[in-house]
Amino acid sequence: MVLGGAAAALLIVLWGFVLTPLRTQSAELRESVTQQQRLLIDLGRVEAIGPGGAQSPNRSAGQSLVVLVDSTAQSFGLTLRGTRPDGPDGINVTFQGASFDALLNWVIALETTHQVSVESASFSSARERGLVNGQLFLRRS
């Protein structure tokens, strides 16, 4: 009887502390891979368009780069910590605790819709998973 109880306890501990966390992590990793594959496909689309490719008309041509960056960032749920213009067609953008996925989607939209490209970027991880701090230098083509 004691041996049966010990075996049952071992199975419960094995299930609760080993197998369940492994299954949970496996599901999270699968979802992460799926998201990264979607981002890779989106980046491939942007690369295929390339500079001078077939792009939608630039409706933001008359809009200041500062206003364009601020308004599009808000539409992607990003809060910019600071923006500093660098000439008529450049801007330095600082962000903190931004969703990396939202940030990439925003940069893709800037490139494809508004012909604003990333000239340089610097990222560091934030305390929360999926969030980053950093700086982008954007330039309008």
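How many of the 141 residues of the protein, as a percentage, count as buried? In this predicted model, 26% of them do.

**View 1. Overall fold of the predicted model, with three helices and four strands.** Read along the sequence, these elements follow the pattern α-α-β-β-α-β-β. Among the contacts in the protein with a separation of 6 or more, 62% are accounted for by residues 24 or more positions apart. The accessible surface of the protein comes to about 9400 Å², and 60% of that surface belongs to carbon and sulfur atoms.

**View 2. A nonpolar patch on the surface that includes Leu 14.** The patch is formed by Leu 11, Val 13, Leu 14, Trp 15, Phe 17, Val 18, Leu 19 and Leu 22, which together have about 810 Å² of accessible area. Leu 14 is found in helix 1, the element that covers residues 2-49. Because its relative accessibility is 40%, Leu 14 counts as partly exposed, a class that lies between the limit of under 20% for buried residues and that of over 50% for exposed ones.

**View 3. The tilted aromatic pair of Phe 95 and Phe 123.** A search of the whole structure finds two aromatic pairs. In the pair formed by Phe 95 and Phe 123, the rings lie 5.9 Å apart, centre to centre, with 45° between their planes, and the arrangement is tilted. Phe 95 is buried, because its relative accessible area is 2%, whereas Phe 123, at 41% relative accessibility, counts as partly exposed.

**View 4. The edge-to-face aromatic pair of Phe 100 and Phe 123.** Here the rings of Phe 100 and Phe 123 are 5.9 Å apart, centre to centre, and the angle between their planes is 85°, an edge-to-face arrangement. This pair, too, links distant parts of the chain, with Phe 100 in helix 3 (residues 100-114) and Phe 123 in strand 3, 23 residues apart. Phe 100 has a relative accessible area of 25%, and therefore it is partly exposed.

**View 5. The aromatic cluster of Phe 95, Phe 100 and Phe 123.** These three residues form one aromatic cluster. Phe 123 takes part in the tilted pair with Phe 95 and also in the edge-to-face pair with Phe 100.

Key
Residues are numbered from 1 along each chain as its sequence is written. This is a predicted model: local features need pLDDT of at least 70, side-chain atom pairs count only at pLDDT 80 or more; totals for chains, interfaces and linings use all residues. Side-chain values use heavy atoms; hydrogens and water are left out. Patches are made of residues with over 30% relative accessible area and no salt bridge: like charges are joined within 9 Å, nonpolar side chains (Val, Leu, Ile, Met, Phe, Trp, Tyr) within 5 Å. Accessible areas come from the Shrake-Rupley method with a 1.4 Å probe; for residues, only the protein chains shown count as cover. A salt bridge is a side-chain nitrogen of Lys or Arg within 4 Å of a carboxyl oxygen of Asp or Glu. Helices (H or I, at least four residues) and strands (E, at least two) are DSSP runs, numbered from the N terminus. Buried means under 20% relative accessible area, exposed over 50%, partly exposed in between (1.4 Å probe, protein chains only). Contact means heavy atoms within 4.5 Å. Rings of Phe, Tyr and Trp (its six-membered ring) pair if their centres lie within 6.5 Å; planes under 30 degrees apart count as stacked, over 60 as edge-to-face and the rest as tilted.
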